[in-house]
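Hi everyone, thanks for coming.

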Amino acid sequence: MTYDDEKKLSSKKVKSILKTQCLGHDFHFFEKVTSTFEKTKECKVSHGSVVCARSQTNGRGRLGRQWDSDEGGIYFSLILNPGTNAHDFGIYTVICALGVQRALEKYLPCYIKWPNDIVSEDGKKLCGILSKLEFSGNDTGMINVGIGINANTKSFDSKLSYASSLRLILGDLVDENEVLSLCLYEIEKCVLQKDREKLIKDFSDVCITVGARVRAIFQNGDEITGICKRIENDGSIVIDKDDGTSLNLNSGEVSVRGIYGENYV
Ligand code: BTN
């Protein structure tokens with residue numbers, strides 16, 4: 001086994017180092033899938049299941065975008081069953097973003113760009129998160145939280161100049177098994193955190209969007225600018241607009257860009 005092989009994702013190694021009570025104990029691992037969202041439909045999953053792949057041929061991102069998923073990244077769907085609060089599922093992107101930020105922070109300084117990106121000190125995207133409500137139709141639907149981490153990604157297409165990886169920033173390979181098991185461990189702590197206010201405060205403390213001047217772009221192309229004042233307990237943001245009014249936005253409806261500094265989509 002080469003040095004590189006030891007650091008590549010393997011179901012056996014993830015399971016052997018996992019320190020969670022529940023998340024990831026049911027672990028479905030694949031070399032290549034279209035998208036872990038698609039693959040989840042073929043697996044028997046329940047709360048805490050993880051469907052993970054080394055690469056995806058049709059990775060999906062937010063707002064209908066494509067998610068480049070070459071080998072070296074970590075691509076997984078985490079299934080959460082929030083019981084009766086499935087319609088509150090936007091908050092799970094926030095919960096998981098804080099967990100992933102805490103895990104990646106063990107490797108390098110990083111922050112959250114609301115609602116779903118983990119970015120490096122210089123604003124490069126290291127991870128994206130997209131939550132979907134699955135098996136819906138009643139209040140007990142499951143949430144599929146899709147997480148893509150640029151762990152050992154060697155290079156990015158020139159159109160992704162806003163992206164980077166742990167490997168590119170650290171100048172060394174990371175152990176993908178450790179990154180994933182640490183993420184699941186930190187996400188589980190956040191999922192189990194019952195004090196929502198504390199969770200939002202912790203999120204806000206590491207969120208570069210809070211206090212920043214931002215441009216919010218709606219799916220119909222409309223834009224507004226203002227200052228992001230705070231994150232609400234449901235995970236939405238409050239923007240004080242330049243015209244003096246205030247607006248509450250949730251993650252499904254807008255793309256928010258910092259006007260100074262972090263200009264990626
Ligand atoms: C974004 O920032 O736009 C969200 C990206 C989410 C990517 C992950 S990778 C695992 C899961 N499967 C997908 O097809 N997408 C998500």
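Predicted model: local features only at pLDDT ≥ 70, side-chain atom pairs only at ≥ 80, totals over all residues.

The largest pocket holds about 600 Å³ of space. For the pocket search, think of a 1 Å grid over the protein atoms alone: a pocket is an open set of points with protein on both sides within 12 Å along at least five of seven lines, and lining residues have an atom within 4 Å of a point. Points are joined across faces, edges and corners, and the volume is the space filled by probe spheres set on them, with a 1.4 Å probe.

The lining of this pocket counts 39 residues, and Gly 61, Gln 66, Trp 67, Asp 68 and Lys 125 are the closest to the centre. Elements giving two or more residues to that lining are α3 (36-40), β3 (74-80), β6 (125-134), β7 (142-149) and β12 (254-258). These are DSSP runs, numbered from the N terminus: helices are H or I with at least four residues, strands E with at least two.

Residues are numbered from 1 along each chain as its sequence is written, and side-chain values use heavy atoms, without hydrogens or water.

So what takes up the space of the largest pocket? The ligand does, by the rule that more than half of its atoms lie within 2 Å of the grid points. Its shell draws two or more residues from each of α3, β3, β6 and β7, and β6 gives the most, with 4 residues.

Around the ligand there are 20 residues, counted by a heavy atom within 4 Å. Ser 35, Thr 36, Arg 60, Arg 62 and Lys 125 come nearest.

Now the polar contacts, meaning pairs of N or O atoms within 3.5 Å. A polar backbone atom of Arg 60 is 2.7 Å from a ligand oxygen. For Arg 62, a backbone N or O atom lies 2.6 Å from an oxygen of the ligand. Lys 125 uses an N or O atom of its side chain, at 2.6 Å from a ligand oxygen.

Notes: Polar contact = N/O pair within 3.5 Å; in protein donor to acceptor, adjacent residues only side chain to side chain.
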